[in-house]
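Reader: I have the sequence and the coordinates open, and I'd like to talk them through with you. Could you put them up here so that we look at one copy?

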Amino acid sequence: MSSTTTPPAPAAAADDPNKPVTGYPTTGNYPPPPQTSYQQNYHQTGYPAQTSNYPPPPPGTGYPYSAPPPPYYNPNPYPHPHQTYDPQRATFLRRVIIAGISVFLIIGAITFILWLVIRPHLPDFRVDSASVANFNVTNSQLTANWEIGFFVRNPNKKMTIFYDRIEGSIFYKDESLTETSLVPFFQEKKNETTISTRFTAMGTYVGERTAKEMVGDKNNGGGVRFNVRMLAWVRFRSGAWRTRRHLMRVFCEDVRIGFSNTTSSTGSLSGSSKVCEVDL
């Protein structure tokens, strides 16, 4: 019985120096290695896959984590000193305020009651006489001397009126011609007084238009119409009760001075007395 044996490969083939060395195992019919998710995602999107070790978000939420709290903002970096509440001080302040309001209300009520009981009335003013002398208008300048007589009546039964300061003035329309101060006086209850005052204009500039209008009024025979106005600082007193100073205004409009002819320089009040309007 003969046996056949395979001779061993020649050693020369394994030790052949001309054989190329590749450093890689010879290719065989091995199965390809399994691809990881990284490689799969890379081949699909062209970008490496992003791995995360965080747990998946709960269902029904778009963002898996709650929003971070807003940063703390302190508008005043310097802390306030600790203030203690003093109830006694607060009570004292409340009492002072209440007392002040009460005193104010009591004084106002007393004043109002006295005002109703006494019922002060404004005085009555009337122009009873008026005259002018040396009346001359030349080159827009006026020269004249007026003398005005006032009748003043105090209608109050329980109050005295003190006229501490009086300023009077004469106007032609709205143009001021002259002014003066009257002598202060006072009136007892139901008193009637007549006062007279003088006004002087020496070369007072009145403007061309005003000068022409005054000369025209005089030459037309209708007389020149002046307005007399007064400002008086007055006080009312009834026994121990008295008021503070009040500014009283007196308007005596359309006081007409008539002249006998166009060349006359003197004139007097035309018509009846003029009742004045009094405002406080």
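Author: Before we start, one term: two residues are in contact when they have heavy atoms within 4.5 Å. Please also keep in mind that this is a predicted model.

Reader: Let's step back, then. How many helices and strands are there in the chain?

Author: The protein chain has four helices and 12 strands. It has 280 residues, of which 26% count as buried. Among the contacts with a separation of 6 or more, 69% are between residues 24 or more positions apart.

Reader: Which residues does the "transmembrane region" annotation cover?

Author: According to the UniProt annotation, which comes from an unreviewed entry, the "transmembrane region" covers residues 96-118. In the model, residues 96-118 are 100% helix and 0% strand, with the end C-alpha atoms 33 Å apart.

Reader: Now the core, please. Which residues have the most contacts inside the largest one?

Author: The largest nonpolar core consists of 45 residues, and those with the most contacts inside it are Leu-142, Trp-146, Tyr-163 and Met-214. The elements that give two or more residues to this core include β1 (124-138), β2 (141-153), β3 (160-172), α4 (208-219) and β9 (246-259), while β7 gives the most, with seven residues.

Reader: And what does Leu-142 touch?

Author: Not counting residues up to four places away in sequence, Leu-142 touches several residues, among them Phe-135, Val-137, Leu-177, Ala-201, Met-202 and Met-214.

Reader: Is Met-202 buried or exposed?

Author: Met-202 is exposed, because its relative accessible area is 63% and exposed means over 50%. Its place is in strand β6, and, leaving aside neighbours within four places in sequence, Met-202 is in contact with Leu-142 and Thr-143. The C-alpha atoms of Met-202 and Asn-145 are separated by 8.5 Å, although these residues are 57 apart along the chain.

Reader: How is β2 paired, to start with β6?

Author: β2 and β6 run antiparallel and are joined by 12 bridges, with Ala-144 standing opposite Ala-201 in β6. β2 is also joined to β1, again by 12 bridges and in the antiparallel sense; in that pair, Arg-126 has Phe-151 in β2 as its bridge partner.

Reader: What sits in the turn between β1 and β2?

Author: The two strands form a hairpin with two residues between them, and Asn-139 in the turn has a positive phi of about 50 degrees.

Reader: Over to β7, then. Which strands does it pair with?

Author: β7 runs antiparallel to β3, joined by 11 bridges, and Ile-161 stands opposite Phe-236 in β7. β7 also pairs with β9 in the antiparallel sense over 10 bridges, where Val-224 has Ile-257 in β9 as its bridge partner. A further antiparallel pairing, over two bridges, links β7 to strand β8, residues 241-242, and there Ser-238 stands opposite Trp-241. In the hairpin of β7 and β8, which has two residues between the strands, Gly-239 takes a positive phi near 65 degrees.

Reader: Last topic, α4. Which of its residues are buried?

Author: Thr-210, Ala-211, Met-214 and Lys-218 are buried in α4. They cover an arc of only 100 degrees around the axis, so they lie on the same side of α4.

Reader: What covers that side, and what is on the face turned away from it?

Author: What covers the buried residues of α4 includes β1, β2, β3, β4, β7 and β9. The face turned away from the buried side carries the exposed residues Arg-209 and Lys-212.

Reader: How far apart are the end C-alpha atoms of α4?

Author: They are 17 Å apart, which agrees with the 16 Å that the 12 residues of α4 should span at 1.5 Å a residue. After α4 comes Gly-221, with a positive phi near 80 degrees.

How values were computed:
Residues numbered from 1 in each chain as written. Predicted model: local features only at pLDDT ≥ 70, side-chain atom pairs only at ≥ 80, totals over all residues. Heavy atoms only, no water. UniProt positions renumbered as here; feature names shortened; annotations may be inferred. Core = buried A, V, L, I, M, F, W, Y, C linked by side-chain atoms within 4.5 Å. Buried < 20%, exposed > 50% of the residue type's maximum accessible area, 1.4 Å probe, protein only. Pairing = 2+ DSSP bridges. Expected span 1.5 Å × (residues − 1). Arc of directions from axis to C-beta.
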